[in-house]
Amino acid sequence: MAQIQRFPLVRHFRADASSHVQQYRKGKRVRSGKGLSFWFLPRQTSLSEIPMDDRTLPFLLKGQSRDYQDLTVQGSIVWRVIDAERLGDRVDFTIDLKQGALLGQPIDQINDQIGSLGRRYISAHIKGNDVRDLLEAGVEPLQTALNTGFAEDTTLPAMGIEIVGVGVDDVSASSALSRALQTPTFEQLQQRADEATFARRAMAVEKERAIAENELSTKIELETQRKELIAREDENARSKAEAMAAALKIDADAEAGRIRTIDQARADMEKERMAVYADLPPMVMFAMAAQEFAGKLQSIDNLTVTPDMLSNVIGQVQSAMKGTPMHGETPQ
C-alpha cells in the first residue's frame, strides 16, 4: 500500500517498488511507473496503484462427470500483471488520496475472472470423462487441461495479465461415491485375502497330510522291522533249539555208546566167568554155591538133610574121587 503524507496545500506520495503507479490530472495520464515518489495537489490529481508481484489464487471447484457424478477439484493459479497501463484501463485501481488504500476490490475482480476461466476448463475436462477414469488418472490430466485452456485464452493477455502457473492438488468424489467406488476394489482385495487364507489353509492341510503319511510310513516301517526282528528271533530260537537238540542227541548217542560199551564189557565178563564155571566139576560148583549161600546166611536154625541128598552128594564125591586127582597128585 502506498504512503501519502499530507501537508497544508500539497501531499507527498511514495509507492512500493513492486507497485505500478499512474497519476492522472484532469483525466490525462501525466505519470506512470513502478516505485514512484512525487508531490501532488489533491484537488487536481487522481492516482492508481497496480501490484506487479505474483498473486496466488486458490480454488475449490466442483464439476459433474460424464456419468453424472460430482467431483471436487482443489488447486491454485498463479498470475501477474504484465501490462499495468492496459490493466489500469480495464480495471479500476484508484486509491484513496488520504490513506493510500484501494477504493474498490480490483484484485477480487481479477480473481473472479481467472477463477471463472479455470472453472470452465476443468468442467469441460470433467464432463468428457467418467468418474472412475478421472479418479484413476489423478491430477495430471486436469492440470494439463488448465494449462492448455489458459494458453489458448486471449481474454487475460488482452487485460495485461499473464498466468504464471497452475497446480491441481487433489481430485476427489463425495464420501458416498468414494465408498461405492471402493467397494469393487475392497471386494477384490477381500477376495484375494480369502484366496490367500484358503491357500494357507490348503497348504496347512497338505502339510498335515504329508505329516500323517510320514507318520504312517514310519509306523509301517517300524512294524515291518518289528516283524523282521520277531522272525529273526524265532529263527534264532529255532536254530538254538536245533543246536541244543543236536547237542543233546550227540550226548545221548555218546551216553548210549558208553552204556552199550559198559554192558558189553559186563556181558563179556559174565560170559568169561560163565565159561570158567562151565569147566568146573559139579561138586566144585556145589561147594562154591554152598559157600556163597553160607556167606549170605547169618544163622541156621534148622538144617534138614534127606537120604536122597546125601546119596546124591556121596555119589558125586565118589565119582569125583575116582576120576579127579587130588591136589598135588598126578592122575594115574
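View 1. Let's start with Phe7, which is partly exposed at a relative accessible area of 39% (buried means under 20%, exposed over 50%, partly exposed in between, with a 1.4 Å probe and protein chains only). This is a predicted model, where local features need pLDDT of at least 70 and side-chain atom pairs pLDDT 80 or more, while totals for chains, interfaces and linings use all residues. Residues are numbered from 1 along each chain as its sequence is written, and side-chain values use heavy atoms, leaving out hydrogens and water. Phe7 forms a tilted aromatic pair with Trp39, 5.2 Å centre to centre and 45° between the planes. Rings of Phe, Tyr and Trp (its six-membered ring) pair if their centres lie within 6.5 Å; planes under 30 degrees apart are stacked, over 60 edge-to-face, and the rest tilted. Phe7 sits in the loop between strand S1 (3–6) and strand S2 (11–14) and Trp39 in strand S5 (residues 37–40), so the pair ties together parts 32 residues apart in sequence. Helices (H or I, at least four residues) and strands (E, at least two) are DSSP runs, numbered from the N terminus.

View 2. Tyr121 and Phe150 make an edge-to-face pair, 5.2 Å centre to centre with 90° between the planes. Tyr121 belongs to helix H2 and Phe150 to helix H4, 29 residues apart. Both Tyr121 and Phe150 are buried.

**View 3. A ring cluster and a charge.** Phe13, Phe38 and Phe40 are linked into a cluster by ring pairs. Over the ring of Phe38 sits the charged end of Arg31, 4.3 Å from the ring centre (that takes NZ of Lys or CZ of Arg within 6 Å of the centre and within 35 degrees of the ring normal).

**View 4. The open sheet.** Here three strands line up in the order S7-S8-S9, with antiparallel pairing (two strands pair if DSSP finds at least two bridges between them). The edges are strand S7 (55–64) and strand S9 (161–173), each pairing on one side only. S7 and strand S8 (residues 70–81) are joined by 10 bridges, and Gly63 stands opposite Leu71 in S8.

**View 5. Two loop residues with positive phi.** Lys26 is not a glycine, yet its phi is about 55°. Lys26 lies in the loop between strand S3 (19–25) and strand S4 (28–34), and is exposed, with a relative accessible area of 73%. Tyr68 has a positive phi too, near 60°; this residue lies in the loop between S7 and S8 and counts as exposed at 63% relative accessibility.
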